[in-house]
Amino acid sequence: MYTLNSFLLLAGIGAIILLWFESLRVREQLTRMCRELCEKSDLQFLDQTVALASIGIARSRRKRWQLRRVYQFEVSGNGADRHIGYITLIGKHIEAVQIDNPEGMTTIYPALPGQLH
């Protein structure tokens, strides 16, 4: 017979798999969004992808605890330089989109839609 420990183990594995699939879906949406952002901003979207830089827990605007994810991407203004950009999500809400440049950090958000679908 199944014990409580084996049930909890299966539930934990299932939760990890669901989190992984959700992260893949979010990454695809952010990649598409970064591509559109770069086209509008006359930037080159280098490597054509975003990568998860950090993950944690944070409070949303509604004061609820949610998953906080920071994704990193790279852009170029002239093809010879590289600048790192960051997209911060709390839950499905975009908190910030920023790009490093020689003059300092440029914040692009709220020029982008604030919610992933």
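Reader: Hi! Let's start with Lys 63: where in the chain is it found?

Author: Hello! Lys 63 is found in the loop between β1 and β2. One thing to keep in mind as we go: this is a predicted model.

Reader: Thanks. Is Lys 63 buried or exposed?

Author: Lys 63 counts as exposed, because its relative accessibility is 60% and the cut-off for exposed is over 50%.

Reader: And what is the phi of Lys 63?

Author: Phi of Lys 63 is near 65 degrees, which is a positive value in a residue that isn't glycine. Most residues other than glycine have a negative phi. Gln 48 also has a positive phi, near 55 degrees.

Reader: Where does Gln 48 lie, and how is it classed at 41% relative accessibility?

Author: Gln 48 lies in strand β1. Its 41% relative accessibility makes it partly exposed, because that class sits between the 20% and 50% cut-offs.

Reader: Let me zoom out a bit. How many helices and strands does the protein chain have?

Author: There is one helix, along with five strands. Reading from the N terminus, the order is α-β-β-β-β-β.

Reader: What share of the residues is buried?

Author: Of the 117 residues in the protein chain, 31% are buried.

Reader: Good, now salt bridges. How many does the count come to?

Author: The count is three salt bridges. As background, side chains of opposite charge can pair when their charged atoms come close.

Reader: Which residue does Glu 22 meet in a salt bridge?

Author: Glu 22 meets Arg 25, at 2.8 Å from N to O. Both residues lie in helix α1 (residues 4-40), three residues apart, which is about one turn of the helix.

Reader: What about Asp 47, which residue does it form a salt bridge with?

Author: Asp 47 forms a salt bridge with Arg 82, and their closest N and O atoms are 3.2 Å apart. This pair links distant parts of the chain: Asp 47 is in strand β1, Arg 82 is in the loop between β2 and β3 (83-90), and they are 35 residues apart. Asp 47 itself is exposed, with a relative accessible area of 56%.

Reader: Which residues are linked with Arg 82 in a network of salt bridges?

Author: Asp 47 and Glu 74 are linked with Arg 82 in that network. The side chains of Glu 74 and Arg 82 meet at 2.4 Å, N to O.

Reader: Changing topic: how many aromatic pairs does a search of the whole structure find?

Author: The search finds two. Trp 20 and Phe 21 form a tilted pair, 5.1 Å centre to centre with 55 degrees between the planes. Phe 21 is partly exposed, at 48% relative accessible area. The other pair is Phe 45 with Phe 73, edge-to-face at 6.2 Å centre to centre and 65 degrees between the planes. Phe 45 and Phe 73 link distant parts of the chain, strand β1 (residues 44-59) and strand β2 (residues 65-76), 28 residues apart.

Reader: Are Phe 45 and Phe 73 buried or exposed?

Author: Both Phe 45 and Phe 73 are buried.

Reader: I've also got my eye on Tyr 71. Where does it lie, and what is it in contact with?

Author: Tyr 71 lies in strand β2 and counts as buried, at 1% relative accessibility. Leaving aside neighbours within four places in sequence, Tyr 71 has contacts that include Ser 23, Val 26, Leu 30, Val 50, Leu 52, Tyr 86 and Leu 89.

Reader: Last topic: what volume does the second largest pocket have, and which residues lie nearest its centre?

Author: The volume is about 220 Å³. Ten residues line the second largest pocket, and Ser 60, Arg 62, Gln 66, Ile 90 and His 93 lie nearest its centre. By class, the lining has five charged, four polar and one nonpolar.

Reader: His 93 again! Which strand does Thr 88, one of its contacts, lie in?

Author: Thr 88 lies in strand β3 and counts as buried, at 11% relative accessibility. Beyond its neighbours within four places in sequence, Thr 88 is in contact with residues including Arg 68, Val 70, His 93 and Ile 94.

Methods: Residues numbered from 1 in each chain as written. Predicted model: local features only at pLDDT ≥ 70, side-chain atom pairs only at ≥ 80, totals over all residues. Heavy atoms only, no water. 1 Å grid on protein atoms, 1.4 Å probe; cavity = no way out; pocket = protein on both sides within 12 Å on 5 of 7 lines; lining within 4 Å. Points joined across faces, edges and corners; volume = space filled by probe spheres on them. Nonpolar A, V, L, I, M, F, W, Y, C, P; charged D, E, K, R; others polar. Phe/Tyr/Trp six-rings, centres within 6.5 Å; stacked < 30°, edge-to-face > 60°. Buried < 20%, exposed > 50% of the residue type's maximum accessible area, 1.4 Å probe, protein only. Helix = DSSP H or I, 4+ residues; strand = E, 2+ residues; numbered from the N terminus. Salt bridge = Lys/Arg side-chain N within 4 Å of Asp/Glu carboxyl O. Contact = heavy atoms within 4.5 Å.
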